[in-house]
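Have a look at the model below before reading on. The notes after it walk through a few of its local features.

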Amino acid sequence: MGENMEFRDNLRILAEAIERESVLIHRSALIDGYKELFKLNAIGVGKFVKKAAELGGKKGAITLKERYEVATDKLSEALDLLTIIAESSRLITFMETSLDKMEIYIEGSILVEAIPESKKPVCEPMAGFFSGFLTELLQTKYNVTEISCQAQGHEKCIFRIKKEAPK
């Protein structure tokens, strides 16, 4: 119990560290850039963007482990960390998770701000980041996919978490 309490106590400190580590990116430039990238999605650019975001998630987890000595083997704690990172980054407004359903719920995604209406989900790059982060932090392969998006008219963006079977 003491270890879990210490983990939770460190989340606030971690959020401050994430804000210090993050690069300041002009919000409107990021939105405009994603709008242009999304136009290229028809020629398969989306897969590359998701892969790049996945590498970013892995790098974030490596930084937490190496620089801040964060370690966990619990999906619940990894999701708590991911929530802090996502909300501290200011790239989303709100995030919650469900271990029972193996889902992540997001509101106020900057990617939806860039592409407010779409037939397909627009936040797959976040799914890539989540996959990379969880896989690296927990040393188990996780695949995260966006199954519904606010850009499609849904109340929240919903991401499904799937733990891959070991090979």
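## Ground rules

This is a predicted model, so to speak of local features takes a pLDDT of at least 70, side-chain atom pairs count only at pLDDT 80 or more, and totals for chains, interfaces and linings use all residues. Residues are numbered from 1 along each chain as its sequence is written, and side-chain values use heavy atoms, with hydrogens and water left out.

Helices (H or I, at least four residues) and strands (E, at least two) are DSSP runs, numbered from the N terminus.

## Helix 6

## Helix 4 against helix 6

The axes of helix 4 and helix 6 come within 10 Å and cross at roughly 135°. Axes are lines fitted to C-alpha atoms, for helices over the stretch in contact, with angles running from 0 to 180 degrees between N-to-C directions. The two helices are therefore oblique to each other; angles under 35 degrees would be roughly parallel, over 145 roughly antiparallel, 65 to 115 roughly perpendicular, and the rest are oblique.

On the helix 4 side, the contact is made by Leu75, Ala78, Leu79, Leu81, Leu82 and Ile85, and on the helix 6 side by Phe129, Phe130, Phe133, Leu134, Leu137 and Leu138. Contact means heavy atoms within 4.5 Å.

## Leu75 up close

Leu75 lies in helix 4 and is buried, at a relative accessible area of 13%. Leu75 and Leu134 are 59 residues apart in sequence, yet their C-alpha atoms are 7.9 Å apart in space. Leaving aside neighbours within four places in sequence, Leu75 touches Leu99, Met102, Leu134, Leu138 and Tyr142.

## Positive phi

Most residues other than glycine have a negative phi. Met102, in the loop between strand 1 and strand 2 (103-107), has a positive phi near 55°; at 22% relative accessibility, Met102 counts as partly exposed.

Arg90 has a positive phi too, near 65°, and is found in the loop between helix 4 (75-88) and strand 1 (94-98). Gln139, which follows helix 6, has a positive phi near 55°.

Terms used. Buried < 20%, exposed > 50% of the residue type's maximum accessible area, 1.4 Å probe, protein only.
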